[in-house]
Amino acid sequence: YGSFDPETGKGWDHMWDKPGKIKSIRLPKETKRERTREARALKIESLLEQADEKIEKYRLEKEAQKPEGGILNLIKKISKGTRRKK
């Protein structure tokens with residue numbers, strides 16, 4: 001190949017012949033939805049394990065918010081009425 005002359009820019013420098021690091025082939029990046037699918041599935045499964053308990057707790061809270069039954073409460077509710085005040 002000869003030698004490299006930096007002034008004229010002609011020739012070949014032997015430093016260029018040194019082998020470099022060979023890059024490995026990487027897998028495609030894929031979309032975010034495909035990359036995070038497993039994590040999302042695990043999150044959903046863990047939330048489903050707690051779902052029955054949360055539903056039961058919610059129903060009990062709603063039941064506790066309801067007013068007591070009985071004739072006195074019914075009379076109070078009727079006496080208030082649903083008419084608008086003028």
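Me: pLDDT is the predictor's confidence in each residue, from 0 to 100. With that in hand for this predicted model, which element of the protein chain has the highest mean pLDDT?

Reply: Happy to start there. Over the protein chain the mean pLDDT is 85, and 92% of the residues reach 70 or more. Among the elements, the lowest mean, 84, belongs to α3, while the highest, 96, belongs to α2.

Me: Where is the kink in α2 centred?

Reply: The bend in this helix is about 40°.

Me: How many residues of α2 are buried, and how many of α3?

Reply: Buried means under 20% relative accessible area, so that is the cut-off to apply. None of the 29 residues of α2 is buried, so α2 lies largely in the open. Helix α3 has 10 residues and also lies largely in the open, since its number of buried residues is zero.

Me: Is Q65 buried or exposed?

Reply: Q65 sits in helix α2. A residue is exposed when its relative accessible area is over 50%. Q65 has 60% relative accessibility, so Q65 counts as exposed.

Me: And what is the relative accessibility of P67?

Reply: P67 belongs to the loop between α2 and α3. Its C-alpha atom is 14 Å from that of I78, 11 residues away along the chain. P67 counts as exposed, at a relative accessibility of 71%.

Me: What is the area of the nonpolar surface patch that includes L72?

Reply: L72 is part of helix α3, residues 71-80. With a relative accessible area of 63%, L72 is exposed. It makes the patch together with I71, L74, I75 and I78, and the patch area is about 540 Å².

Me: How far apart in space are Q65 and I75?

Reply: I75 is one of the residues of that nonpolar patch, whereas Q65 is found in α2. They are 10 residues apart in sequence, and their C-alpha separation is 19 Å.

Me: Which residue other than glycine has a positive phi near 65°?

Reply: For contrast, take the glycine that follows α3: G81 has a positive phi near 75°. The residue you want lies in the segment before α1 (32-35), and at 48% relative accessibility it counts as partly exposed. The residue with phi near 65° is E30.

Terms used
Residues are numbered from 1 along each chain as its sequence is written. This is a predicted model: local features need pLDDT of at least 70, side-chain atom pairs count only at pLDDT 80 or more; totals for chains, interfaces and linings use all residues. Side-chain values use heavy atoms; hydrogens and water are left out. The bend at a residue is the angle between axes fitted to the seven residues ending there and the seven starting there. Helices (H or I, at least four residues) and strands (E, at least two) are DSSP runs, numbered from the N terminus. Buried means under 20% relative accessible area, exposed over 50%, partly exposed in between (1.4 Å probe, protein chains only). Patches are made of residues with over 30% relative accessible area and no salt bridge: like charges are joined within 9 Å, nonpolar side chains (Val, Leu, Ile, Met, Phe, Trp, Tyr) within 5 Å. Accessible areas come from the Shrake-Rupley method with a 1.4 Å probe; for residues, only the protein chains shown count as cover. A salt bridge is a side-chain nitrogen of Lys or Arg within 4 Å of a carboxyl oxygen of Asp or Glu.
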